[in-house]
Amino acid sequence: MNIEKIEKIADSEPSFRLKQIKKAVFHDLIENWNEATTLPKNLREKLEKEMPLEISAEVFPSKDGRTVKAGIRLEDGLLIEAVLMKHTEKRNTVCVSSQVGCPLGCQFCETGKMGFKRNLMAMEIVEQVLFFARSLKKTGEKVTNIVFMGMGEPFLNWENVKKAIEILNDDNCFGIGARKISISTAGIIEGIEALAEEFPQINLAISLHAPDDKLRGELMPVNKKYPLVKVLRAVDEYIKKTNRKVMFEYVMMKDVNDSEEQAKKLSKLLKKPLYMVNLIAYNPTGRFKASPSERIKKFKSILEKAGIFATQRYRFGTDIEAACGQLAEKR
Ligand code: SAH
Ligand code: SF4
């Protein structure tokens with residue numbers, strides 16, 4: 001499916017048609033053009049021929065049923081992954097991929113290991129949400145939140161991510177409010193600036209993972225181009241413009257970044273208004289070990305004593321390799 005194609009087909013139609021088509025696909029969640037009864041039959045036939053609505057996907061539910069991973073096959077045969085996390089009946093979050101693979105090569109991340117294949121088109125991002133929205137519709141539920149925390153670096157595919165956000169946001173389509181959408185970045189400064197400018201209501205998360213440049217540079221090669229001071233300066237500018245909270249993500253790796261000394265260093269670095277820290281349990285991808293929960297607790301308490309708001313992220317779907325950093329194409 002391809003949004004440009006929809007626009008092109010609608011071009012030769014009266015102007016209200018595009019709105020009707022979008023509503024049928026993204027709001028009414030039709031799975032077959034014949035269900036789009038507001039459209040004339042010849043248009044439906046044309047759409048069926050040129051733009052079939054099927055999404056080719058394989059699903060993997062976790063044992064507890066709260067997480068579902070979908071492997072979605074793209075038109076060129078590449079595979080991406082999206083994850084549905086069911087927090088409650090009223091809160092269903094979809095974690096979407098923005099690229100096939102990722103060029104940034106973080107040492108702890110499975111997606112980073114597979115390298116970069118290509119950017120996703122806007123529609124390929126939206127399709128991931130569409131897939132889960134259709135399945136939730138069967139039980140009367142909806143996708144309520146979106147996180148750009150799947151494969152890829154969203155700010156390195158900003159034009160397409162932006163277009164996807166517009167569709168997700170549009171009341172005539174998914175109608176998901178900007179405050180229910182979060183973007184996580186490894187620290188691409190131009191992206192942070194663009195977000196403040198263009199979508200000040202969208203939540204920003206920064207993948208930090210280390211309290212100093214030396215360690216961060218070892219774990220995340222992108223730190224050479226965007227070192228900590230520059231990233232934090234961009235975050236401060238973002239906060240000045242938007243007055244929004246910013247979440248710093250910190251994956252806890254045993255004997256790598258989880259010592260008391262590092263917790264103190266991190267406290268100093270991040271003790272600012274509207275800064276929050278989210279400690280994430282490391283999902284083993286081979287190279288490192290996860291910090292024991294005792295150590296995570298200790299780390300968190302040091303941050304809290306220093307006056308920093310810190311949370312620990314619930315681990316979703318480790319049994320289906322749908323957890324963060326495990327989203328990679330498996331043959
Ligand atoms: N490229 C963006 C968004 C996708 S990664 C970014 O890096 O922020 C989404 C989150 O998963 C990031 O915080 C990332 O650091 C984290 N992550 C990567 N590998 C992980 C692993 N093995 N265990 C736990 N979290 C991981
Ligand atoms: Fe890319 Fe994010 Fe994985 Fe780093 S953590 S390799 S930026 S997807």
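These are my notebook entries on a predicted model of a protein chain with ligands.

**Ground rules.** Residues are numbered from 1 along each chain as its sequence is written, while chains are lettered from A and ligands numbered from 1 in the order in which they are written. Since the model is predicted, local features need pLDDT of at least 70 and side-chain atom pairs count only at pLDDT 80 or more, with totals for chains, interfaces and linings using all residues, and side-chain values use heavy atoms, leaving out hydrogens and water.

**Whole chain.** I looked up the secondary structure and found eleven helices and twelve strands (DSSP runs, H or I of at least four residues for helices, E of at least two for strands, numbered from the N terminus). The radius of gyration is 21 Å, close to the 20 Å of the globule rule for 331 residues, so the chain is as compact as a globular protein of that length. That radius is taken over C-alpha atoms, and the rule is 2.2 Å times the number of residues to the power 0.38. I also noted that the C-alpha trace spans about 70 × 40 × 35 Å along its principal axes.

**α1 and α2.** Next I checked α1 (residues 3–11) against α2 (residues 16–27): they pack at about 145°, axes 9 Å apart. Axes are lines fitted to C-alpha atoms, for helices over the stretch in contact, and angles run from 0 to 180 degrees between N-to-C directions. Ile3, Ile6, Glu7 and Ala10 of α1 meet Leu18, Ile21, Lys22 and Phe26 of α2 (contact is heavy atoms within 4.5 Å). I count six nonpolar, no polar and two charged residues there. For these classes, Ala, Val, Leu, Ile, Met, Phe, Trp, Tyr, Cys and Pro are nonpolar, Asp, Glu, Lys and Arg charged, and the others, Gly among them, polar.

**α10 and α11.** The axes of α10 (residues 260–270) and α11 (residues 293–305) come within 9 Å and cross at roughly 30°.

**Ligand 2.** Around ligand 2 I found Cys102, Leu104, Gly105, Cys106, Cys109, Gly112, Gly152 and Ala186, each with a heavy atom within 4 Å. This shell has five nonpolar, three polar and no charged residues.

**Asn160.** I placed Asn160 in α6 (residues 158–169). Asn160 touches Leu120, Met121, Ala122 and Ile125, not counting residues up to four places away in sequence.
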